[in-house]
Amino acid sequence: MNLALTLLTIVAVICAGSALATRWRMSAPLLLVVIGVIGSYLPFIPPVRLIPEMVLIGILPPLLYAAALRTPAVQFRALKRPIALLSVGYVIFGTVTVGLLVAWLVPDVPLPAAFALGAVVAPPDAVAATSIARRVGMPRRAVAVLEGESLVNDATALVLLRSSVAALAGSISLLEIAFEFVVAAAGGALIGACAALVLLGIRKRVRNVPINTAMSLAAPFVAFLPAEALHTSGVLAVVVAGLIIGTRTPAMPGSASRLSQRTNWATVQFLLENAVFLLIGLQVRSIVDAALMDPMGPVRVWTVCGIILLAVIVLRPVWVFPASYLPRLVPRIRTTEPPLPWQLPAVIAWAGMRGVVTLAAVFVLPEDIPHRPVLILAALVVAAGTLGIQGFSLPWVVRRLGLRGPDRREDALQRALLVRQSTAAGLGQLEGRILAEDSPELLGMLRRRTKEWSAAAWERLGPPEEQLQTPSQRYFELRMVMLGAERREVLKLRRQGLYAAEVVDEVLERLDSEEAMLETFLAEEADEAGGTVPAVGPAALAEPRDRPVRDECAHLQDAPERQAPADPQCRDCAREGTTPVHLRMCLECGEVACCESSPGLHADRHFRNTGHPLMRSVEPGESWRWCYLDEVLG
């Protein structure tokens with residue numbers, strides 16, 4: 001009964017805290033840490049102590065698997081050098097440096113135990129990186145590097161921690177540590193790949209949605225447990241399995257299973273990652289009370305912990321900047337990669353928040369180590385300090401550095417281009433499958449619905465939602481109202497017992513499937529509108545909606561005709577050595593420049609420098625135009 005009440009309370013606090021954080025426009029993880037700290041000092045809440053196995057086996061594998069599922073393997077491979085330098089090089093550097101510092105500050109602590117604490121505090125936490133970095137508008141490359149680092153660095157740290165604890169019981173050489181690291185990494189990757197292939201093989205043959213969902217929830221443990229049993233890296237096995245399954249699942253049959261996997265893992269990730277931050281806060285009082293009873297005395301205890309926190313914060317930029325720029329001294333790397341603005345490694349260096357893995361791993365230290373409570377408090381201070389100092393200040397740092405997050409207009413353009421190519425492929429497949437007996441009405445309906453889907457993507461490039469509601473948005477809104485009426489009618493008939501229960505369930509399932517698709521669209525619109533969900537339901541139709549409608553863009557109406565050059569190039573990119581993503585041409589002066597997703601942002605810069613409002617795409621097969629002043633596509 002007590003366990004059930006505890007779990008219910010945790011879920012309730014997580015949901016309430018997340019709702020408040022959304023309402024107050026702040027980070028939910030940081031708010032939950034504060035709530036947990038307050039809760040740890042309330043007399044009716046018992047002391048909380050993390051069990052290492054609960055975190056390292058029960059929480060960490062599913063969290064890493066959920067993050068790996070949505071990490072494209074191609075992105076991981078493209079950033080393998082910065083990810084490896086951070087997830088392996090930086091963790092080793094931090095372990096050794098912090099270990100030597102701890103041995104100097106507290107001479108009574110054996111050197112292997114000092115190195116063990118270094119391994120505990122060295123890796124930034126996967127949960128902290130993915131849950132905070134995405135919320136502060138960081139550039140996609142920085143977020144991708146942080147996520148890739150957080151997927152692998154725990155494996156490095158846990159191997160080093162295991163070796164340090166083994167050294168406390170007897171001698172172990174650097175050669176043995178290196179050999180164990182290679183075996184753990186190679187074995188974990190191999191077991192993870194095998195687990196992924198086995199699960200994917202079963203997935204191909206089983207179409208039952210509940211079975212596929214259950215297998216998906218079990219997948220991280222299918223990879224983790226055999227790897228740990230064979231003394232390899234279970235963490236790396238989970239990451240490899242998640243990367244492979246996440247890459248191959250979209251190409252497999254069974255859309256219902258894919259939707260179920262996405263929804264269930266979103267729920268699991270939401271509960272686990274927020275529970276992690278709540279547990280960090282709830283541990284504060286018990287850890288502090290135990291450390292302050294140490295013979296070192298409160299002043300020296302807090303001084304040692306403060307110095308370790310400062311060292312952890314300082315050591316990251318000390319590693320990140322040389323690791324970012326020294327490889328570019330190699331001519332091959334310098335010529336193939338664009339220049340790296342200093343702001344990018346700066347924000348990566350500052351985004352080094354630690355989390356629950358740090359707190360869980362520190363309890364692995366043997367009970368007989370001198371000043372063990374102080375070492376545990378140091379891990380808490382590092383986790384809470386980096387979350388508080390770096391986590392709260394990260395949005396300010398991003399703004400001060402002038403970094404821009406993903407451009408929504410550019411994302412909308414890429415979405416429209418992708419949808420256009422995919423619908424063209426679908427229409428091409430349709431033309432090759434037409435039979436003589438196929439009715440013109442059927443073919444016309446297929447072509448019309450496909451083209452309407454493509455048109456809806458292009459509509460989102462126009463004025464924002466608060467200025468003009470596109471036909472597709474209005475269609476989805478009205479269809480949601482209709483679905484509500486249809487569902488109410490079906491439920492009324494079910495209560496009257498006029499139809500078989502199985503038939504009613506089939507009709508309700510069809511309505512739910514269509515409504516889920518519409519809700520996905522509306523959720524995307526809400527994200528782009530700043531979190532405001534468009535109104536749907538009877539009230540949306542009963543009340544007049546005062547939306548100012550823009551007149552047709554005069555700039556596009558009077559736009560001059562200008563042909564795209566045969567070999568368009570961004571001269572600024574060529575001069576600066578950057579690689580453009582998409583090329584546009586100014587319709588007034590003919591200047592060719594790169595888009596907002598390119599490193600140089602030269603088209604946007606050209607508009608701000610010259611005031612020329614119109615540009616057109618010069619990519620093959622594209623002729624659309626864009627007005628910077630009115631933000632209208634033509």
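I looked for disulfides and found zero in the structure. I keep in mind that this is a predicted model. A disulfide is a covalent bond between the sulfur atoms of two cysteines. I then checked Cys573, which is in no disulfide. Which cysteine sulfur is nearest to that of Cys573? The sulfur of Cys570 is, at 3.5 Å. The cut-off for a disulfide is 2.5 Å between the sulfur atoms, so a pair must lie within that distance to count.

I looked up how much of Cys573 can be reached. Is Cys573 buried or exposed? With 2% relative accessibility, Cys573 counts as buried, because the limit for buried is under 20%. Cys194 has a relative accessible area of 41%. That makes Cys194 partly exposed, since the exposed class starts over 50%.

**Helix H5 and a patch**

Next I turned to the surface. I noted a nonpolar patch made of Ile92, Val96, Leu100 and Leu111. Together these residues have about 310 Å² of accessible area. Which helix gives the most to the nonpolar patch? Helix H5 does, with three residues. Helix H5 covers residues 80-105.

I picked out Ile92, which sits in helix H5. Its relative accessible area is 38%, so I list Ile92 as partly exposed.

Ser87 has 1% relative accessibility and counts as buried. Ile92, by contrast, is partly exposed.

What does the side chain of Ser87 reach? I found the backbone oxygen of Ile83, at 2.6 Å. I then set aside the neighbours of Ser87 within four places in sequence. Ser87 is still in contact with Glu149, Val152, Asn153 and Thr156.

**The whole chain**

Last, I stepped back to the totals. The chain has 634 residues, and 47% of them count as buried. How many helices and strands does the chain have? I noted 26 helices and five strands.

I checked the contacts between residues at least 6 apart in sequence. Of these, 75% join residues at least 24 apart. The contacts of Ser87 gave me one place to look at partners beyond its sequence neighbours.

The accessible surface of the chain comes to about 31,600 Å². Carbon and sulfur atoms account for 64% of that area.

Technical notes. Residues are numbered from 1 along each chain as its sequence is written. This is a predicted model: local features need pLDDT of at least 70, side-chain atom pairs count only at pLDDT 80 or more; totals for chains, interfaces and linings use all residues. Side-chain values use heavy atoms; hydrogens and water are left out. Helices (H or I, at least four residues) and strands (E, at least two) are DSSP runs, numbered from the N terminus. Buried means under 20% relative accessible area, exposed over 50%, partly exposed in between (1.4 Å probe, protein chains only). Contact means heavy atoms within 4.5 Å. Accessible areas come from the Shrake-Rupley method with a 1.4 Å probe; for residues, only the protein chains shown count as cover. Patches are made of residues with over 30% relative accessible area and no salt bridge: like charges are joined within 9 Å, nonpolar side chains (Val, Leu, Ile, Met, Phe, Trp, Tyr) within 5 Å. A salt bridge is a side-chain nitrogen of Lys or Arg within 4 Å of a carboxyl oxygen of Asp or Glu. A polar contact is a pair of N or O atoms within 3.5 Å; within protein, one must be able to donate a hydrogen and the other to accept it, and residues adjacent in sequence count only if both atoms are side-chain atoms.
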